[in-house]
Amino acid sequence: MKILLIGHGRMGQMIERTALAAGDSIGGIIDIGSVADLEAIGRVADVAIDFSAPAALPAIARYVRNTGTPLLSGVTGFSGPELAVFDDLGRFAPVIHSANYSLGVAVFRRALEEVAGVLKPDFDIEIVETHHNQKADAPSGTARLLLDAVDPDHEYAPVYGRQGRPGPRDRKEIGVHALRGGTEAGTHTVSFFGPDEVLEITHRASSRQIFVNGALRAARQLVRMPKGRYELRDLLFGGKNG
């Protein structure tokens with residue numbers, strides 16, 4: 001597989017090293033400060049893998065529309081309108097955006113969809129995520145992904161911290177809490193608090209390598225797919241979920 005690597009920070013460099021060790025090749029490297037260079041190149045790879053920044057999305061979107069290059073994005077911090085761009089790009093190429101490419105988190109999300117459907121009417125739900133002290137966004141993209149798994153129809157109100165909220169907890173809310181410190185790669189816990197019992201599901205990342213491995217696995221599957229917007233579960237578990 002030949003890769004156009006967009007973003008050459010820590011994640012980009014790890015993807016480069018891991019891909020080369022696996023026998024893949026790099027068709028080009030575009031860093032965040034040079035995304036305008038995409039205008040001057042044609043299709044140079046089987047897939048573009050983007051771990052740059054939200055600001056690069058307009059240039060990347062133009063590139064995908066012009067070349068039909070499959071796109072895997074792992075950038076976090078997108079707004080709702082920016083995320084909608086990936087739906088449009090699916091008309092030109094197979095594309096996927098995920099805040100987390102860990103295989104364990106993909107299974108976590110699927111499990112939450114099953115568990116929440118049973119417990120949500122009678123259990124209070126809280127999400128706590130922990131990351132290193134250099135992480136830019138809060139709550140994390142993964143926490144938002146897990147929130148969508150628990151409440152796909154957005155029937156509950158997310159509450160980001162409770163300072164200044166008097167009175168008892170609302171039954172139709174989900175608490176989302178962000179902890180930042182040290183070099184923590186990422187821990188996410190979803191707790192279901194019921195009458196006289198608590199169920200907690202936790203995923204811990206020991207290093208960013210799990211995200212690299214998952215992204216490359218997803219990319220190899222993506223290049224074989226028809227045009228469309230995909231989610232990670234589509235590639236891992238089969239099926240196409242809008």
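# Close-up views of a predicted model

View 1. Ser73 stands opposite His97 in β5. This is a predicted model, so please read every view below as a prediction. Strand β4 covers residues 71–73, and it pairs with β5 in the parallel sense over three bridges. Which residues of β5 are buried on each side? Pro94 and Ile96 are buried on one side, while Val95 and His97 are buried on the other, and both faces of this strand (residues 94–97) are covered. It is also handy to know that in a regular strand the side chains alternate between the two faces of the sheet.

**View 2. Helices α2 and α3 lie side by side.** Here helix α2 (residues 57–67) packs with helix α3 (residues 80–89) at an angle of about 5°, and their axes are 11 Å apart. That angle makes α2 roughly parallel to α3, because angles under 35 degrees count as roughly parallel. On the α2 side, look for Leu57, Ala61, Val64 and Arg65; on the α3 side, the contact is made by Glu82, Val85, Phe86, Asp88 and Leu89. Sorted by class, this contact of α2 with α3 has six nonpolar residues, three charged residues and no polar ones.

View 3. Ile60 has its place in helix α2. Is this residue buried or exposed? Ile60 has a relative accessible area of 1%, so it counts as buried. Setting aside neighbours within four places in sequence, Ile60 is in contact with Ile6, Leu38, Asp50, Ser52 and Leu71. For a sense of scale, take Leu146, 86 residues from Ile60 along the chain: the C-alpha atoms of these two residues are separated by 27 Å.

**View 4. Phe78 and Phe86 form an aromatic pair.** The structure holds two aromatic pairs, and one of them is shown here. A pair of aromatic rings is described by the distance of the centres and the angle of the planes. For Phe78 and Phe86, the ring centres are 5.6 Å apart and the planes stand at 65°, so the pair is edge-to-face. Phe78 is buried, with a relative accessible area of 13%.

**View 5. Five strands make up an open sheet.** In what order do the strands of this sheet come? The order is β7-β8-β6-β9-β10, and the pairing is mixed. At the edges are β7 (157–159) and β10 (197–204), each pairing on one side only. From one strand to the next, the twist averages 20°. Within the sheet, β6 (residues 124–131) and β9 (residues 187–194) run antiparallel and are joined by seven bridges. To find your place along them, look for Asp124, which stands opposite Phe193 in β9.

**View 6. Glu173 is a buried residue of strand β8.** Glu173 lies in strand β8. With a relative accessible area of 2%, Glu173 is buried. What does Glu173 touch? Not counting residues up to four places away in sequence, Glu173 touches Ile125, Tyr156, Ala157, Val159, Arg162 and Arg165.

**View 7. Helix α5 is largely enclosed.** Eight of the ten residues of α5 are buried, so the rest of the structure largely encloses this helix. Those buried residues are Gly141, Thr142, Ala143, Leu145, Leu146, Leu147, Ala149 and Val150. They pack against α4 (103–119), β6, β7, β8 (173–180) and β9.

View 8. In the loop between β6 and α5 (141–150) you will find Pro139. A cis peptide bond joins Ala138 to Pro139, with omega at about -5°. Next comes His154, in the loop between α5 and β7. Phi of His154 is near 55°, a positive value in a residue other than glycine. Asp196, in the loop between β9 and β10, also has a positive phi, about 70°, although it is not a glycine. Are these two residues buried or exposed? His154 is exposed, with a relative accessible area of 57%, and Asp196 is exposed, with 85%.

Note on methods
Residues numbered from 1 in each chain as written. Predicted model: local features only at pLDDT ≥ 70, side-chain atom pairs only at ≥ 80, totals over all residues. Heavy atoms only, no water. Axes fitted to C-alpha atoms, helices over the stretch in contact; angles between N-to-C directions. Helix = DSSP H or I, 4+ residues; strand = E, 2+ residues; numbered from the N terminus. Parallel < 35°, antiparallel > 145°, perpendicular 65-115°, else oblique. Contact = heavy atoms within 4.5 Å. Nonpolar A, V, L, I, M, F, W, Y, C, P; charged D, E, K, R; others polar. Phe/Tyr/Trp six-rings, centres within 6.5 Å; stacked < 30°, edge-to-face > 60°. Buried < 20%, exposed > 50% of the residue type's maximum accessible area, 1.4 Å probe, protein only. Pairing = 2+ DSSP bridges.
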